[in-house]
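I opened this model to look up a few local features and to write down what I found. The entries follow in the order in which I made them.

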Amino acid sequence: MNKVNIIIDKIKIRVSEDLNLWQAAKAQNILIPALCYMEEFPHTTSCMVCMVWDNPQQKLIPSCSVKVEEGMDIETNNQKVQDIRKSSIELLLAEHLGDCIAPCQQICPAHPHIPQMIRNIRSGQIEDAFKSIKKELIFPLVLGYICSAPCETGCRRNQLDSGISICRLHRLAALNQLDCSQPFIPESKTATGKNIAVIGAGPSGLAGAFTLSLDGHKVTLFEQNTTPGGSIISKKYQEVLSETKAHKEIQSLLLPAINLNFGTKMGKIENIIKLKKNYDAVLITIGKQETATLKEWNFDTTKEGIQIKSGSFETSVSGIFAAGSIIKENNLIVKSVAQGKEAARSITEFLNPQNSQLNKVRFNSRMRKIKPEEIGEYFYWSTNNQNQTEKINPELFNLDEAVKEAYRCFSCDCKKVYSCKLRETATEFSAAQTRTLLKKHKIFKIIHGETDILFEPGKCIKCGICIKTLSKFKMNLPGLSFINRGFEVILNVPFSKTFKEALGVHSQKCIQNCPTSALSNRNRWEKMNE
Amino acid sequence: MEKLNFTKEVDKIVESLGTTPDKVIPILHAVQKEFNYLPEPALKRITEITEISTGQISGVSTFYSQFRHEKVGKHIIQVCIGTACHIKGAESVYKSFRQKLEIPPGKDTDNDGLFTLVKVSCLGCCTIAPVVQIDDLTFGKVGSEKVSEVLEEFIALKASKERSKHKKTKLSKITGEIKIGLGSCCVANGSGKVNNALKSAFNDLGIMAKIKPVGCVGMCHRTPLLEISSDDQTSILYEKVQAGDVKKILLNHFQPDSFYQLFKNKTYKFIEQLFLKDEPGSKSKSPINPRDQHINNFLGKQVHIATEHCGKIDPLDFKEYCTKGGFEGLKTVLDQKSPLKIIETIDKSRIRGRGGAGFPTSKKLQLAYKAEGKEKYIICNGDEGDPGAFMDRMILESYPFRVIEGMCILAYAIGASKGFFYIRSEYPLAVERISLALEICKKNGLLGDLIQGSDFSLNIKIVEGAGAFVCGEETALLASLEGKRGNPTYRPPYPVIKGLYDSPTLVNNCETMATIPWIIRNGDKAFTLLGTAESKGTKVFSLAGKVARGGLIEVPMGITIKEIVEDIGGGCENDGQFKAIQIGGPSGGCIPANLKNIKIDFEELSKIGAMMGSGGLLVMNQDDCMVEIARYFLSFTCNQSCGKCTFCRIGTRMMLDILEDLCAGNGKLSDLEKLEDLAEKTKIGSLCGLGKTAPNPVLTTLKYFREEYEAHIEGKCPAKFCKDLITYSINDQCIGCTICSQNCPDKAIEFTPYRKHKIDIDKCTRCGICKKVCPNFAVEVE
């Protein structure tokens with residue numbers, strides 16, 4: 001085996017002449033993003049994401065397709081490389097027809113995994129349903145009663161008849177837990193030894209304290225009143241939400257590891273500064289304050305309240321964070337909850353900056369508005385039943401009815417939301433999605449031929465990996481192939497055969513190899529890996 | 001029952017063509033010819049009895065645009081939408097056909113199943129645009145107002161063809177020679193009819209003369225051309241001859257044998273003169289002096305190498321080719337027995353590939369010579385897909401022996417023993433002539449095994465394309481030859497190292513091939529005397545568009561645009577104003593008239609953002625919209641993209657969307673920035689030449705005609721071309737003749753005899769027919 005000398009990112013290396021540039025880089029622990037290339041198959045040169053800069057030739061070349069040659073000098077990550085990669089990803093996104101996460105989950109400020117919860121309910125696993133959302137929604141019961149439910153407004157099903165009754169569903173899941181002997185609490189991380197003060201036990205403060213505690217920090221929760229809850233237990237909601245139920249859920253959040261310090265008036269600047277000295281970080285969630293007061297406390301302000309840094313909830317005073325109406329008055333309880341949670345995660349990141357990518361906002365592909373003739377595509381999974389829940393007494397909404405309602409859900413979230421290579425690279429390069437192509441040319445379709453293997457042409461990036469996977473096994477009898485040309489290219493199984501027949505016994509391998517979720521199983525969605 | 005029929009026919013086809021995967025395209029062509037489309041049972045049957053898989057057959061049959069999966073009408077009307085036709089109103093022609101045939105929306109076939117209407121990317125008859133082909137008959141200069149006429153003519157011709165099937169002409173003694181151009185263009189412009197008229201006139205008049213078909217004459221703007229050499233060796237050239245003129249011309253030159261005929265002919269002449277006298281419109285055909293000023297200008301600056309003996313030589317007359325130096329080059333190299341010497345000569349001649357990119361031919365040869373492989377291949381690339389270009393077609397049709405000779409020489413140089421012609425199937429005449437020429441060469445021992453007693457063997461086959469521009473790219477061409485979808489692959493490895501079936505393969509454009517014998521015969525020095533420092537020799541261009549004298553021209557490299565357009569082309573037709581040229585088709589660019597002093601060679605053109613391309617050269621005048629022309633080319637490349645790589649597949653589509661918006665008056669200023677960015681990225685990021693050069697028409701128009709883009713954003717089309725930005729109206733010049741009303745396909749003009757007519761803007765689709773037919777110039781565009 002002959003070896004050649006090449007330079008990758010200014011480092012001289014000696015590699016086997018059989019390698020391509022992508023492999024040579026990998027040997028240097030440089031993982032070049034590539035969507036259409038897998039080492040086990042010959043290259044296609046389709047996605048153009050793996051471009052690298054060829055120094056002597058002064059041009060961009062696809063690393064998967066170029067064999068190493070003596071004297072090559074390659075840069076894998078200069079500005080030109082990044083620009084072209086971002087462009088190619090943005091072009092792929094421009095024809096990517098699908099939601100990464102469902103609009104309900106996207107719209108809800110707390111982003112709970114609603115579709116997963118609904119699928120749990122659908123299969124009768126009511127406890128799992130609760131587990132699916134507790135960590136993010138934090139107040140599934142309280143919000144199940146008092147939330148104005150932006151999720152339901154955003155539901156795709158509204159375009160057909162009416163949105164799914166999401167609030168009632170998570171309420172039911174939470175009610176089921178309420179009387180449980182051992183209610184579910186998400187797992188806490190190992191103790192960090194950091195001390196954090198949370199001031200104010202309203203929705204933001206409770207959510208913040210709960211999240212910080214789960215993250216392994218030592219939390220002290222201060223509240224001027226003797227009972228926690230803030231606006232949750234205000235008169236405004238008493239008619240719909242009984243105090244006992246509210247208290248039960250609030251109690252479930254006050255984890256044993258949280259220090260409670262109720263009935264302490266904390267309004268003075270001196271106290272806060274004093275607290276800051278004793279704690280590694282402080283989270284203020286004391287509701288709306290006069291800007292004059294905030295200024296007096298030395299905080300920068302906006303017109304509406306305390307000023308926070310964009311991307312985190314840190315105030316102008318380092319180490320002091322804020323969430324809820326102190327930033328800007330809001331009447332949406334779930335927003336306050338979400339902010340408390342987000343601020344808590346910002347604090348964790350602040351205390352441990354090495355882990356910062358944990359909180360990086362993932363790219364989200366968004367489906368354009370569904371055209372009336374396309375809506376039927378979702379019926380591979382959901383039923384065409386009308387919403388019945390309005391007619392049912394909320395307290396009597398039973399499991400059977402809930403399951404029926406869950407069957408209405410389109411489950412429009414992506415099946416490969418965590419391992420999709422397109423989403424991963426889009427996130428890495430902060431790519432944006434333009435929507436003109438999707439509106440003008442793309443038709444939403446889910447092809448399944450009444451089998452449990454689905455193909456979504458709108459998500460296919462035309463890499464041909466599935467075809468190569470099959471031909472590796474010399475199993476291409478029904479003839480999976482690309483048809484048409486140019487922008488109209490589409491993966492197809494000829495002579496009215498199904499994808500299930502075409503993929504045969506290797507369907508799972510093909511689905512796994514597919515860089516997006518263009519190929520998928522009818523009833524398998526990736527679960528959160530945390 | 002039907003299935004049985006399919007089986008029988010398909011089996012027969014497969015039996016004659018073979019069962020290997022590379023036979024898929026020929027088989028599909030044959031099946032389609034048999035059934036007029038590709039019925040699914042037939043496709044299934046193919047996969048049952050061949051090595052062709054279902055995936056391959058569905059992938060391939062949908063990739064190439066000539067294959068149809070649905071039944072079509074009895075006759076197929078192909079409306080050429082090549083660039084030259086486009087700027088002369090092909091869209092309106094297409095629409096007129098739709099309306100005339102009452103084809104229902106969303107369909108291509110009329111309700112009676114008689115005619116199917118399709119668009120074809122280019123028929124390569126650009127000088128007589130707009131062109132329409134109905135079945136195997138081509139019609140030139142088909143304006144949208146002439147659609148009915150063409151249909152009637154087609155039906156009449158069909159009927160007369162049926163009748164004349166058994167009629168034969170007998171000639172006993174040859175008293176002279178009549179040369180008639182029978183290139184595709186000439187035929188489309190009526191030379192076929194003239195040819196038929198000649199034959200029947202011989203019968204009627206009792207004249208005996210030899211009709212000699214010659215290839216492309218080059219002077220397409222004056223076709224059909226007849227050149228008559230009488231016994232006394234004088235030659236007289238007649239231009240724009242119509243079938244009706246034939247008898248009279250013949251009588252000027254030839255005397256029939258019998259006295260009776262003589263008498264009859266005199267009477268004929270006399271009577272005809274009587275009839276013609278009172279008709280002011282009838283011009284009698286007078287001969288033109290071959291050395292008249294126009295022709296002098298047209299031919300004066302040309303140098304014929306690839307098109308040597310143009311208009312003089314019978315394409316398929318082997319002896320004539322030989323007497324004019326043909327196959328001397330091949331014999332020389334076979335005698336010398338030194339492949340390296342050939343390569344050296346070609347290297348010294350510094351010829352660069354004529355296919356577009358201008359890669360030095362000798363470099364390819366050296367690599368192919370050195371490359372190791374059990375088998376080596378040589379391929380002549382005749383897949384000329386550029387809309388607006390017809391050089392390859394003309395060369396293949398007119399000089400088949402020359403191309404074959406060039407191919408033999410190169411094959412000998414690299415040690416190839418198998419060769420292929422890859423020719424567009426839109427060029428049936430080229431395919432026919434090459435296959436006849438190959439037969440003749442074989443018979444004469446210039447092809448086959450152990451040629452001329454040497455140890456050199458070469459067998460050449462013809463493979464027809466199936467309607468995919470991208471197959472002109474060499475790696476896509478090879479994929480297509482192997483029976484795959486025409487997807488290009490990344491180079492390196494270059495085909496000269498690893499090409500067809502992974503063997504070393506030399507792919508050259510047919511113009512390059514046609515130039516090689518000349519270089520061998522005349523020496524490299526003679527070739528380097530022509531051209532510029534970096535671009536030697538000549539280049540063949542197809543000059544078309546809004547030019548007075550269009551045609552196929554061969555000029556030395558380094559000639560200026562001005563010389564081509566103004567001297568050779570005679571400037572714009574109809575006193576138009578020369579605005580720009582488009583060179584290199586969809587890979588090239590638009591060069592404004594103010595750069596007309598630029599010398600044409602590979603470097604100069606790429607310096608200003610254009611490209612030599614294969615040699616399409618289109619002249620545009622003040623009526624041509626530059627934004628629209630960019631949109632046109634993008635719609636072409638977008639449609640022809642193979643769809644494999646991201647930038648070409650999606651980038652071209654996005655650029656096209658923006659350009660469509662601009663042309664429709666929905667553009668925004670920010671669109672220009674987006675367009676530029678997309679164009680730059682597509683140029684860098686695409687896999688093959690198609691995508692890498694697709695942005696050129698956009699970038700050059702943006703560079704040289706930005707103000708036109710800006711005008712479109714403001715809702716104006718300065719050339720008054722973009723239909724959404726103009727309105728038609730009738731002014732006071734109207735005399736109420738009703739012609740416009742009668743011709744309006746949209747019924748937007750009310751029939752008001754003797755009164756001023758009015759256009760209903762809501763109904764008007766701005767096809768422009770009214771303006772064309774108005775005798776009084778009363779139709780205005782704003």
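Predicted model: local features only at pLDDT ≥ 70, side-chain atom pairs only at ≥ 80, totals over all residues.

**Entry: A:R119**

Leaving aside neighbours within four places in sequence, A:R119 is in contact with A:H113, A:W381, A:S411, A:D413 and A:W525. The residue belongs to helix α4 of chain A, which covers residues 114-122. Is A:R119 buried or exposed? Its relative accessible area is 12%, and since buried means under 20%, I noted A:R119 as buried.

**Entry: two helices of chain A**

Next I took helix α5 (residues 126-137) and helix α14 (residues 333-351) of chain A. Their axes come within 10 Å and cross at roughly 75 degrees. That angle makes α5(A) roughly perpendicular to α14(A), because the range of 65 to 115 degrees counts as such.

Which residues make the contact between α5(A) and α14(A)? From α5(A) I listed A:K135, A:E136 and A:L137, and from α14(A) A:V334, A:V337, A:K341 and A:R345. Sorted by class, this contact has 3 nonpolar and 4 charged residues, and no polar ones.

**Entry: the five-stranded sheet of chain A**

I then traced an open sheet of 5 strands in chain A, in the order β8-β7-β6-β9-β10, and found the pairing parallel.

Opposite A:I196 I found A:A281 in β9(A). Helix α9 (residues 203-214) of chain A packs on the sheet and touches β6, β7 (218-223) and β9 of chain A. The direction of α9 makes about 165 degrees with that of β7(A).

**Entry: two helices of chain B**

I moved to chain B and to its helices α3 (residues 40-49) and α4 (residues 54-63). They pack at an angle of about 135 degrees, with their axes 9 Å apart. Why did I write down oblique for α3(B) and α4(B)? Their angle makes them oblique, because only angles over 145 count as roughly antiparallel and 65 to 115 as roughly perpendicular.

The crossing of α3(B) past α4(B) is right-handed. In the contact I found B:L43, B:I46 and B:T47 on the side of α3(B), and B:T54, B:I57 and B:S61 on the side of α4(B). By class there are 3 nonpolar and 3 polar residues in this contact, and no charged ones.

**Entry: the four-stranded sheet of chain B**

Chain B has an open sheet of 4 strands with parallel pairing, in the order β11-β10-β9-β12. I noted β11 (459-464) and β12 (505-509) of chain B at the edges; each has a single partner strand, so one side of each is left without a neighbour in the sheet. Neighbouring strands here are turned by 20 degrees against each other on average, direction ignored.

Strand β9 (residues 377-382) of chain B runs parallel to β12(B), and 5 bridges join the two. The bridge partner of B:I379 in β12(B) is B:V507. Helix α17 (residues 400-414) of chain B lies across β9, β10 (418-423), β11 and β12 of chain B, at about 150 degrees to β9(B). Helix α20 (residues 510-528) of chain B touches β9 and β12 of chain B, and its direction makes about 90 degrees with that of β12(B).

**Entry: B:S417**

B:S417 sits in the loop between α17 and β10 of chain B. What does B:S417 touch, leaving aside neighbours within four places in sequence? I found B:E375, B:K376, B:S457, B:L458 and B:N459. B:E375 is 42 residues away along the chain, yet its C-alpha atom is separated from that of B:S417 by 7.3 Å.

**Entry: a hairpin of chain B**

Last, I looked at β15(B) and β16(B), which form a hairpin with 5 residues between them. In the turn, B:G584 has a positive phi of about 85 degrees. Strands β15 (residues 578-583) and β16 of chain B run antiparallel and are joined by 4 bridges. B:Q582 stands opposite B:C590 in β16(B).

Which way do the residues of β16 (residues 589-592) of chain B point? B:G589 and B:I591 point one way and B:C590 and B:P592 the other way, and all are buried.

How values were computed: Residues numbered from 1 in each chain as written. Chains lettered and ligands numbered in written order. Heavy atoms only, no water. Axes fitted to C-alpha atoms, helices over the stretch in contact; angles between N-to-C directions. Parallel < 35°, antiparallel > 145°, perpendicular 65-115°, else oblique. Left-handed = near helix turned anticlockwise from the far one by under 90°. Contact = heavy atoms within 4.5 Å. Nonpolar A, V, L, I, M, F, W, Y, C, P; charged D, E, K, R; others polar. Pairing = 2+ DSSP bridges. Buried < 20%, exposed > 50% of the residue type's maximum accessible area, 1.4 Å probe, protein only.
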